[in-house]
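Grab your viewer and work through a few exercises. Each one comes with a solution that you can follow step by step.

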Amino acid sequence: MPGPCPRTPEPVPGRCGFLEVPENRERTTGRTVRLAVAIIPAASTKPAADPVVFMEGGPGGDAFGAIPFLIDSGVNRDRELIVVAQRGTLHSQPNLACPELDRFNATAVGLPYDAPSTGRGLVRAAKQCRDRLTGEGNDLKAYNTTENAADFAALRKALGIKKWNVYGYSYGTDLGLTYLRRHPQGIRSLAIDSVVPPQIVSLPWAWDSAQEGIDAIFAACEAQPACKSRYPHLSRTLTQQVRRLEANPLRLTVPPPGGGTPVKVVLDGGTLVNLLVTNGRLVPAVDVPAALYELADGNPERLARAQAAGATPAIGEFAHGLTHSVACAEWAPGFSKRDVLKAGRRAFPGWPDSVLAHAPQLPFEHDLCRVWNVPDRTAVQRVATRSDVPALIITGTFDAKTGASWGPYAGRTLPRSTAVLIPGIGHWVVPQNPCAASVLRSFLARPTAPDTGCVPGVEPKPFTIVP
């Protein structure tokens, strides 16, 4: 149904509307959700007939916020681009935002990352959000990847599109692979960027990805003579600093990266690891060696300021309600806290158990899931996608959230897939790398024969060298 475009920082350069779908297709309550949809025209005067539909990451991210990056990457160069605010996210109704968690996270920059008291505060905020959302009538168990995929199938039919191309990143690859498995009709091609294979994603899996991404950054430093000479023992230095900070956390007051009122922050071992896994959002990969050696030399300012950035989150924009409904139903079940710890020890032997007990980016998730209380969906979700639909798999070597090797892993059951590894890039590759963007565009033009000729020429950028 046509409607006005949502108000966004940059106006949506297209037409908008919404799709109304059942909240829970397994129940006939009549309750529905409304998904905001934008259709951005192709830049070409003679666009192809098959549009691209975008699947945002998170789960819980703002898809409309990705539109400028997608346009800058030329995703709509030769075909229309369709952007959907997934169920439960910003601009859709209901929006499963959790201001309670946003406010807690703002205070958590000044708390020890993995202290039991921090975990209790996180769980308390999550329970407040859950109680409010369910009190408003939301059926949290319906905010899962199966229903999400069915929404996209319904949208294609509602728009009367015979065939379209799917492009997703991060959680959007989990969703895209699920969509291809459950609703293969009408999919001309699938491009997945920073891959989360549904059959393997779990809390322990996060440690494997963290190890792969961090090791790749260190290996790239070693391959650059200036970096190797200035920062010769990165792995050992990281272990030393994680152990030192975990035993004696630093408490500092620093201004956030953009300036402003100084903020109290705590740097402990868990905080350090989390800053590295955020994949350049807070500490760019090129700065990681310098940051670690500065820390070892008694100058934690770069890392402390990155941590201070979390003190001013956007309240009510990220849909934590979708995050935890997916994570607690699809990622956490079947693996214990002990399994997370074992995976951490395997990835980073010698690190303190207090750090390794928490999956990067999802600390205390088992405790949170007890109060979130959604049923286990792994039997229907933890399944490999087998398909002959042409697929493009793009990964970045520096990705510590979704390790680069998981792309080819997902490709094992996609016989018509092309896997592309981009050196020196972290999470969500296409907007960060012109070569990756051009490969995606050529794939959309010729899904069985994309032009990957630029890839061998890509090298990691020079690392920051501090005198």
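## Exercise 1: Around a glycine

Apart from neighbours within four places in sequence, Gly 321 touches Leu 96, Cys 98, Leu 133 and Trp 372, where contact means heavy atoms within 4.5 Å. Before going on, note that this is a predicted model, in which local features need pLDDT of at least 70 and side-chain atom pairs count only at pLDDT 80 or more, while totals for chains, interfaces and linings use all residues. Residues are numbered from 1 along each chain as its sequence is written, and side-chain values use heavy atoms, with hydrogens and water left out.

Task: is Gly 321 buried or exposed?

Solution. Start by placing Gly 321: it belongs to helix H12 (residues 320-331). Helices here are DSSP runs of H or I with at least four residues, strands are runs of E with at least two, and both are numbered from the N terminus. Next, get the relative accessibility, which is 0% for Gly 321, so this glycine counts as buried. The cut-offs: buried is under 20% relative accessible area, exposed is over 50%, and partly exposed is in between (1.4 Å probe, protein chains only).

## Exercise 2: Helix on helix

Task: at roughly what angle do the axes of H8 and H9 cross, and which residues make the contact?

Solution. Two packed helices are described by the angle between their axes and the distance between the axes. Step one is the geometry: the axes of H8 (residues 234-247) and H9 (residues 269-277) come within 7 Å and cross at roughly 135°. Axes are lines fitted to C-alpha atoms, for helices over the stretch in contact, and angles run from 0 to 180 degrees between N-to-C directions. That makes H8 oblique to H9; under 35 degrees is roughly parallel, over 145 roughly antiparallel, 65 to 115 roughly perpendicular, and the rest oblique.

Step two is the residue list. H8 brings Leu 238, Gln 241, Val 242, Leu 245 and Glu 246, and H9 brings Gly 269, Gly 270, Leu 272, Val 273 and Leu 276. Sort them and you get six nonpolar, three polar and one charged. The classes: Ala, Val, Leu, Ile, Met, Phe, Trp, Tyr, Cys and Pro are nonpolar, Asp, Glu, Lys and Arg are charged, and the others, Gly among them, are polar.

Solution. The axes of H6 and H8 come within 10 Å and cross at roughly 135°, so H6 and H8 are oblique to each other. Ile 214, Phe 218 and Cys 221 of H6 meet Leu 234, Ser 235 and Leu 238 of H8.

## Exercise 3: Rings

Task: how many aromatic pairs does a search of the whole structure find? Then work through two of them.

Solution. The search turns up 13. Rings of Phe, Tyr and Trp (its six-membered ring) pair if their centres lie within 6.5 Å; planes under 30 degrees apart are stacked, over 60 edge-to-face, and the rest tilted.

- Phe 69 and Trp 428 are edge-to-face, at 5.9 Å centre to centre with 65° between the planes. Phe 69 lies in H1 (residues 67-72) and Trp 428 in the loop between S11 (417-422) and H18 (434-445), so the pair ties together parts 359 residues apart in sequence. Phe 69 is partly exposed at 45%, whereas Trp 428 is buried at 12%.
- Trp 207 and Trp 351 have ring centres 6.4 Å apart and planes at 80°, so this pair is edge-to-face. Trp 207 sits in H6 (residues 205-223) and Trp 351 in the loop between H13 (337-347) and H14 (353-356), 144 residues apart. Trp 207 is buried at 1% relative accessibility, and Trp 351 is buried at 5%.

One more step: ring pairs link Phe 54, Phe 69, Tyr 167, Tyr 169 and Trp 428 into a cluster.
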